[in-house]
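Here is a short note on how the chains of this model meet. Please keep the structure open as you read.

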Amino acid sequence: MIKSNFFLVSSFLIFSMYSFGEIVYQFEDIAQEKRFYSLISEIRCPKCTSGSIASSDAPVSRDLKNKVYDLIIDGSSDDEIKKYVSDRFGNFSDYRPALEGANYILWFGPFIFLSLILIIFFFKRRAE
Amino acid sequence: MIGEISHFLSLSAVVIFSLILIFNFFFFFGKIHPNQLSLSIRLFNQACWLVFISFAMYVYLAINDDFSIAYIASHSNSQLPIFYKISSIWSAHEGSMFLWIVFLTAWSIFFINSLDDSHSLKKTTLLMVSLIILGFLLFLLLTSNPFERLLPFGAIEGADINPVLQDPALAIHPPMLYLGYVGFVISFSYITAYLFHGNFELEWEKDIKNWSLVAWIFLTIGITLGSWWAYYELGWGGYWFWDPVENVALMPWLAATAFMHSLYASSKSSVLKTWTMFLGILIFALSLFGAFIVRSGIIDSVHSFANDPQRGLYLLIFSGLITLLALGVFAYRIPSLNASKFVVSGSKESFLSMNNILMVTSIFSIFLGVTYPLIIEAINGEKVSIGPPYYNTIFTPLILITAIFIMASVDSLWQRSKPLKSYVYKTFFPVILSILFTYFVWHITETFSILSYIGIFSGLLILFTYLLRVLNNFFYKKFINKGSAIAHIGLGLLFLAVSLNSILSYEKNLYLAPGESIFVNESIKEFSFDDIKVLKASNHDVISVEVSLLQDGKNIILNPQKRKYATRGQITTESSIYASILKDTYLTIGDQLENGSWTFALKINYFIKWIWFSASLMVMGMLITIFKKKAT
Amino acid sequence: MNKSLRFLIVLVPIIIFTFFANVLLIEEDEKFSKFNTKNFPSFELNDLNGIPVKYEYLDGIKLVNVWASWCITCLVEHPFLTKLSDANIQIVGLNYKDSNNKASAWLQKHGNPYIFSIYDPRGDLAFDLGVTGAPESYLVIDNQVVAHIQGEMTSKKWETIFYPLIKKASNET
């Protein structure tokens, strides 16, 4: 009984350098904290089939969260942090595709579509 | 033995459906056989019953732990409660496909038999649904056979199903969703039959209206259950991720919502018939597309069933042929439809027309988001990820436009527009109140996010529009469509709750050792790690943690857990939620650190209950609409 | 509604279905995503014996394999790695989030296919490389990372992804 408890409990053990009873990610102000939680919800977990690092408990997600934290404290901007992550894990890791190249079709597609339909219907009515 | 009989019954159903089709095809070119219709109907009913009995036997096998059937052996277990033995049937591909077919058959048999024998479309609709059921049955038996045996001895015990699936909400979510998805086979088949026959004097809308409304309800409940389950079970405190599988359920729902509104227009006013027919076909086509995406493994998603290109290809070709058949007939017949051409600007029809356009744009946006990574990867090998940032950005303006049009369209008239003055009257108060309240929210929260505030404003516009109408009805006895009002209030509430949730919710990650407590913030003045216990349950071990919080002056006790399941060695996190009207306090355990303390993720999620409530309002509104019609 | 619009109603689904059929029919292995070549990150780490590893040790053509004593799948790919090293492929181990005692013991027990192993207990170099877990493998040619696979190295992955790149590099020198 004791043995199985030990194995059960120890399966959750991780290495860390934390001390007792604290908030894990401490920031200077609320704005920084919001930036952190917002960023980690936009960075894809490299190991999971889908989902952000915010929603993942995988070790690499944990490392990424800690790294994003460190970078925010160091003063990096959101763009710099995203670039830091994509340099290492690929463009795939950003849930917000950059506005470049073919991605223009992605971001503007819906509104081009809407405009086209409105134009078609407008002309149809003119014809009558 | 029962397994063989069950299998045989499904095969017999295949034979009979094929016979119906061959029999009628043969007579299509020659003289109509005098008994053709009654014979077809009888064969059809019998084939449907064969499917039902086959499935009933399969359920019997699952309840009685027949582990010589490979599928039951790999997804069930003798220790499971009966409820979960049954729900294990639809926990993976083969069984859930079987359930899909059963529902397809059930909807069809009810609808076909509700039509009078003299109804000119009865036979063709029957043929259409037979074709569809046959295609899926063949898919099941040829590529995804749930009846395969484990030879030579079968398994002694079943592999436990994924512990994450042993949950009441998740057990009901697929049946609800499928009932919704496949319910639209009726509008699909009936409209195709109508177009095929070409008798455009027939009033077709009322035949399928209530069937479609009921299917919509199931679809709404199914999606909401999935979202609710994900919220409390998956541990990350979110309820919608715009995951591809969520998206392919949302697209038919949007099409169905547009369809209902368009159906309303084309039955009252003979306008928008073309739109309505197109939408009626689109819904089921999108359901087929959804089934394909989920079951072919073509898209990375946590939700995908095991991938198999062969299955994917069959589904794709079958869905493609059926869809092209329907759309082809539709495109061919459009000129003959004689749909009323002129839509008066500012009339109710024009607003409903705009509604269709906005809905179709939403569907297009989701479709683009789902397929874009595939397209880019096929072109140049780049991997792109699309998620909430994209969809939130695209949908927010769409929601605003929708809200403005809803506000302007209320009390509009058929085939006539109202003077400009009336617009000013009815939009003045909602706009002013919405601006005021939005400002009020900003003042209290002191946070700003352009997307969320547009969402708040849009939700408020809709809410105030309808609240004012309710007041008008209450004090001045002005007519109000109750079902519509309740459903739209639900919609406005949904936009409002989702946006408020987005700006107000926050998260705190903490670590404490047992017995410790810390101050978190002004709202949560004390967070104490009271106790930790190791327990044993029937098929899993549990680490149970007790935490007490002093939140807003109230004492709350939370009980998050970590579980390790015996059969698969899987570890799951059970969240502990205290849900109040304003916010949910949501706690999960992380990992233990070397020094004995544990990490916790504490999430404060605002207005979650309002989100579930808004879904139930929409369903309630729809129920009122259905039953009100029956009364008159 | 004019003819071209009606035609579109049928054409668009046809295009969509053709596209998906195409995607389905491409074999999983033939689908090699474009890999953005990048420099091998700099690092300050030792090998399992405590001796500092110099960046130049990664010159030439190297297979960098991420492994750990706690990693079960690493055992599965181990025989294949041994075969590769016997065929004179230079494999550099990247020991990921492990203890060097356990790592050395593992190599003693199962055999050592690596010319040396970089000891990365905190996963710093691994993070810069974009490692998501073990086992993973990278092909490094002239200090450029040119390929990356997640999961175990199999002969199929070797032959379709890594080997062609090695051959190309050798032909160019």
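1. Ground rules. This is a predicted model, where local features need pLDDT of at least 70, side-chain atom pairs count only at pLDDT 80 or more, and totals for chains, interfaces and linings use all residues. Residues are numbered from 1 along each chain as its sequence is written, chains are lettered from A in the order in which they are written, and side-chain values use heavy atoms, without hydrogens and water.

2. Chains A and B. Contact (heavy atoms within 4.5 Å) takes in 49 residues of chain A and 60 of chain B. The buried area is about 5300 Å², with 66% from carbon and sulfur atoms. Buried area is the accessible area (1.4 Å probe) that two parts lose on being put together, summed over both.

3. Charges across A and B. Two salt bridges are found here. The term means a side-chain nitrogen of Lys or Arg within 4 Å of a carboxyl oxygen of Asp or Glu. Lys508(B) forms one with Glu33(A), the closest N and O atoms being 2.8 Å apart.

4. Chains A and C. Here 12 residues of chain A are in contact with 12 of chain C. They bury about 1100 Å², 58% of it on carbon and sulfur atoms. Asp63(A), Arg88(A) and Phe89(A) supply 41% of the area that chain A buries against chain C.

5. Charges across A and C. This interface has two salt bridges. Arg88(A) forms a salt bridge with Asp128(C), the closest N and O atoms being 2.6 Å apart.
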